[in-house]
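User: I would like to go through this model in short questions. Please state the cut-offs as they come up.

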Amino acid sequence: MKSMHSIDMETVEMTLDIMKYAINRISNTNPELGSPVREEELLSRVGETVTKEGIGGEKAFQMFKDVLVKTAVPADHPRYLAFVPAAPTRAATLFDLVTSASSMHGAYWMTGGGGIFCENQAMKWLVSLTGLPEGAFGVFTSGGTSANLSAMIAAREAWRDRNEDNRAYKALLITSNGAHSSVKSMAKVIDADIILVDDDEDDRLTGKWLQKAIDDLSELDRKRLFAVVATGGTTNAGIIDELDTVADVCEKENLWYHVDAAYGGGALAAPSVRHLFTGIERADSITIDPHKWMFSPYDCGAVIYKNLELAKNAHSQKGSYLDIFKDPGAQGFNPSDYQIQLTRRLRGLPLWFSLAMHGTDKYTEAIERGLELAQNAAQQIEAAPHLELVRDPSLSCVLFRRVGWNPDNYRDWTYDNHKAGFALVTPTKWTKNGKTETISRFCFINPDTTEKDIEEILASMK
């Protein structure tokens, strides 16, 4: 009886088919903009795919190519301007294949040393962008949520270790209303309370607002407060908090200072906007997602710490079966010591290969292109009588309204364009002076997006 791990002609042919598909997809700069359908409809099209006998690789792959992939939306489509898109380089995507094929476990140096070395080369560049002091370093994670969670666990444990009495309190952290939803979710996971501080007139957290919120706390809540999370580029609008004045308050109040730059962190490599991040070099921890604006495939986040030992104290796992990894022959950087996951794939390898192939200057060029597209979109919006800018672009996000439209108009327009395979641009909500309205939003990541794409999308709003 043939084993499913054996190599035979069918496996070879399937390998060639899959490689052909991968090459074609990677070469396609304008993939089909798939549209979702109900699960019941998908099931009626393909039937049950997991059976006792198996349906065969050829049939399963054919189903994926002909039906299933067409009901998903490729985040690298040049007219996918919703949420935060992705635009992995061809080099990074190809090396994602290599990463899986190499079957390396990335938790410990003993099992993944060569791959971890490569990840750390890429990490050195990320850390250098932040301006953190010597000794700062980080590790790749599954994304911003796990990076934020890892940082906050390290922050809470450092707070508890500082004073034994703190173990009796339920932890409390402060962030802004514009913070990513993962910050609020992460607080639930670690069973911490969270206070949302009102943004200032520029819709960002500042030291002034933060200090006021701290001063207004009860004596008990002040004892519970252990961390502040600022944002280096909000997902909705690209807004960067006033990182330097927030740092002042955190230092004065002896609080862990975390900057969530999951989306905006890519812009640290862009000279035109780097000054907007002044103060990030004073953070205790930082989140950056290379799968967003650093052109890596999903899923690749990163958490960086000023003091690695504090992270290790919080995350290093113990177990008799792990003792071998403490042997001198296996000594090296162990990524599992610095974030919540023990089992991990080498998520940083595709980024490393792309950086090694292209050089960091090409990254700067591609990131600056996203900023340039946002400015161009703003100019086109201002020139169109049926459109209005809601606010000046922040990083690569542009918020705008179609004059006279209500929420249903935005929704219908989004669905129509998506179903037509033309573009995916989704509405969002914007609150100012207590008034919330539905508006439209662009987020530019993909350097293959053109000014003509923007023009045609805006024209479809007439």
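Analyst: The expected span of a helix is 1.5 Å times one less than its number of residues. Helices (H or I, at least four residues) and strands (E, at least two) are DSSP runs, numbered from the N terminus. This is a predicted model, in which local features need pLDDT of at least 70, side-chain atom pairs count only at pLDDT 80 or more, and totals for chains, interfaces and linings use all residues. Residues are numbered from 1 along each chain as its sequence is written, and side-chain values use heavy atoms, with hydrogens and water left out.

User: How many Å apart are the end C-alpha atoms of helix 14 (residues 360-383)?

Analyst: Helix 14 has 24 residues, so at 1.5 Å a residue it should span 34 Å. The distance between its end C-alpha atoms agrees with this, at 35 Å.

User: Is serine 440 buried or exposed?

Analyst: Serine 440 is placed in strand 11. Leaving aside neighbours within four places in sequence, its contacts (heavy atoms within 4.5 Å) include Val398, Phe400, Trp413 and Met461. Buried means under 20% relative accessible area, exposed over 50%, and partly exposed in between (1.4 Å probe, protein chains only). Because its relative accessible area is 1%, serine 440 is buried.

User: Which residue stands opposite threonine 428?

Analyst: Two strands pair if DSSP finds at least two bridges between them. Strand 10 (residues 427-432) and strand 11 run antiparallel and are joined by six bridges. They form a hairpin with two residues between them, and asparagine 433 in the turn has a positive phi of about 55°. The residue in strand 11 opposite threonine 428 is isoleucine 439.

User: Which residue of strand 11 stands opposite valine 398?

Analyst: Strand 9 (residues 397-402) pairs with strand 11 (residues 435-443) in the antiparallel sense, over four bridges. In strand 11, the residue opposite valine 398 is phenylalanine 442.

User: What is the relative accessible area of aspartate 203?

Analyst: Most residues other than glycine have a negative phi, and most peptide bonds are trans. Aspartate 203 has a positive phi, near 60°, and sits in the loop between strand 3 (193-197) and helix 8 (207-215). Aspartate 203 counts as buried because its relative accessible area is 14%.

User: Where is omega of the peptide bond from tyrosine 298 to aspartate 299?

Analyst: Aspartate 299 lies in the loop between helix 11 (290-293) and strand 7 (301-305). The bond from tyrosine 298 to aspartate 299 is cis, with omega near 0°.
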